[in-house]
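Thanks for coming. I have one model to go through today, and I will keep to what can be computed from its atoms.

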Amino acid sequence: MSAAGEGLSRPLPEQVRLNVVDLAAQVLGSMHAAAIPPPLRGIAKFDPRKRARLGSAPIAAQLENDKDFREAVAEHVSAGWPELVSSLAEGHVPPAADPVLVAAAAYLTRPPGWEEMIEAARAELERSAAAAEGSEREEVVSRLREQLAAQKTAAKSEADRLREQLKSARSEISDLRRKLHDARERAKAAVQRAEAMERAAEEAQAAAAAAGNAGETELRRLRERLAATEKQLETSRRAAREGRSIEDSRIRVLLDALQDASAGLRRELALPTTISRPADSVAAVAGESPSVRGVPARALADDDPQLLDQLLALPQIHLIIDGYNVTKTGYGTLTLADQRNRLMTGLGGLVAQTRVEVTVVFDGAELNAPVQVVAPRGVRVLFSAPGEIADDLIRQLVRAEPPGRAVAVVSTDREVAESVRRMGARPVPSSLLLRRLGRA
């Protein structure tokens, strides 16, 4: 609340201001609507308990600036406190009067010397506040002293208790140190014994390992000697048992081929059963019997469809097939097992029609276990041994045949074809066999 133009050097004390606003709020509620100042008409509609709290600033400003409103409030104060107002009008303040009421009445009624009355009330309020604050401080200091004394007593008791605990802990620590020293000595002795036992165990283990290695070395050497002896014995037995039979089988196959060739030639020439004729004494160059080398002389290319049919017509021909080369050429999208089964099915029909000897060679170098294959009658199925490829096995089969026998090798591998051609066999592309099997 401003003091400009009214002789106050400072605003009203807060307690006085609140009291004045509360009195004005009470008067505002009892005033006629037309007499209420326009700025306060909205506040006058508030609840009496909210009027002074919510409209404090507007009411104080109106009291400061509106003399009529202030006088209306002063009349209400004069009616309520007639003795106090009359005493103030005479220029003296009752000794027992409340400074807040004196200042409020002086501000509203404005008796002579009202500014000094407000300042005197301010000084009295400040002295009262200082006295109350000093008393409160003394009470706080007294309470703090009591708390400090209690804390000192408690601290002394706690210190005594901690000293006893410290003394007990030191004694316990001393016992623990002694026990720890004894335990360390025992652990040190145990570690030394363990190290000694470990060294002894390592020496015994090394000796046992050396003995075991020597025994294993000797056992391995004996096993190798035994295996070598058994291999030599088996080789000797096989040579004794099969040395003659291999040559016999080669001669027998060659004789069968010659017999079939001569029979076919006799049928073609329509010769009689007798073997002695006058013309037989005439010297001349006789034609060759059909063989695998005779087919190229007929001007048939390697990819001629009739090549395989003419080869299959030769007597006692041996047809060697590079299995995976054929299956991957014809139906490489299938699994290996399905490829083998499909090839076996086709070769079964071919053998039934032509009665030729058929050997199918598969690459087994990468196999971890034997493969189950159901071969039709008349079809021989072979897998190369570990570490050996199918091409080498095919060359061994061609090399095993006697010179002069008709041998055809089905493979599109150029290296295989050239090598078997040098050994006397006729290479045939895989596409011709696939076309023949499809026709069957």
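First, the ground rules. This is a predicted model, in which local features need pLDDT of at least 70 and side-chain atom pairs count only at pLDDT 80 or more, while totals for chains, interfaces and linings use all residues. Residues are numbered from 1 along each chain as its sequence is written, and side-chain values use heavy atoms, with hydrogens and water left out.

The chain has 14 helices and 5 strands. Those elements are DSSP runs, H or I of at least four residues for helices and E of at least two for strands, numbered from the N terminus. Of the 440 residues, 29% are buried. Buried is under 20% relative accessible area, exposed is over 50%, and partly exposed is in between, with a 1.4 Å probe and protein chains only. Among contacts with a separation of 6 or more, 60% join residues 24 or more positions apart. A contact here is heavy atoms within 4.5 Å.

Helix H6, residues 82–90, packs on helix H7, residues 99–109, at an angle of about 65°, and the axes are 10 Å apart. That angle makes H6 roughly perpendicular to H7. For reference, axes are lines fitted to C-alpha atoms, for helices over the stretch in contact, with angles from 0 to 180 degrees between N-to-C directions. Under 35 degrees counts as roughly parallel, over 145 as roughly antiparallel, 65 to 115 as roughly perpendicular, and the rest as oblique.

Which residues make the contact? From H6 they are Leu84, Val85 and Leu88, and from H7 they are Leu101, Val102, Ala105, Ala106 and Thr109. By class, this contact of H6 with H7 has 7 nonpolar residues, 1 polar and no charged. The classes are Ala, Val, Leu, Ile, Met, Phe, Trp, Tyr, Cys and Pro as nonpolar, Asp, Glu, Lys and Arg as charged, and the others, Gly among them, as polar.

H7 is mostly covered, with 9 of its 11 residues buried. The buried ones include Val102, Ala105 and Ala106, which also belong to the contact with H6.

Leaving aside neighbours within four places in sequence, Ser78 is in contact with Val85 and Thr109. Ser78 and Thr109 are 31 residues apart in sequence and 8.0 Å apart in space, C-alpha to C-alpha.

The second pair is helix H12, residues 390–400, and helix H13, residues 414–422, at an angle of about 15° with axes 10 Å apart. H12 and H13 are therefore roughly parallel to each other, and the crossing is right-handed. Asp391, Ile394, Arg395 and Val398 of H12 meet Glu415, Val416, Ser419 and Val420 of H13. By class, the contact of H12 with H13 has 4 nonpolar, 1 polar and 3 charged residues.

Is Arg395 buried or exposed? Arg395 is buried, with a relative accessible area of 14%. Not counting residues up to four places away in sequence, Arg395 touches Glu415, Val416, Ser419 and Met423.

Next, the sheet. It is open, has 5 strands in the order S3-S2-S1-S4-S5, and the pairing is parallel. Two strands pair if DSSP finds at least two bridges between them. The edge strands, each pairing on one side only, are S3 (379–383) and S5 (426–428). Neighbouring strands are turned by 20° against each other on average, direction ignored. Strand S1, residues 318–322, pairs with strand S4, residues 407–410, over 4 bridges. Leu319 has Ala408 as its bridge partner in S4.

Last, backbone angles. Most residues other than glycine have a negative phi. Gln316 has a phi near 55°; it lies in the loop between helix H9 (305–312) and S1 and is partly exposed at 30%. Arg355 has a phi near 60°; it lies in the loop between helix H11 (336–354) and strand S2 (357–362) and is exposed at 71%.

Methods. A crossing is left-handed if the near helix is turned anticlockwise from the far one by less than a right angle, and right-handed if clockwise.
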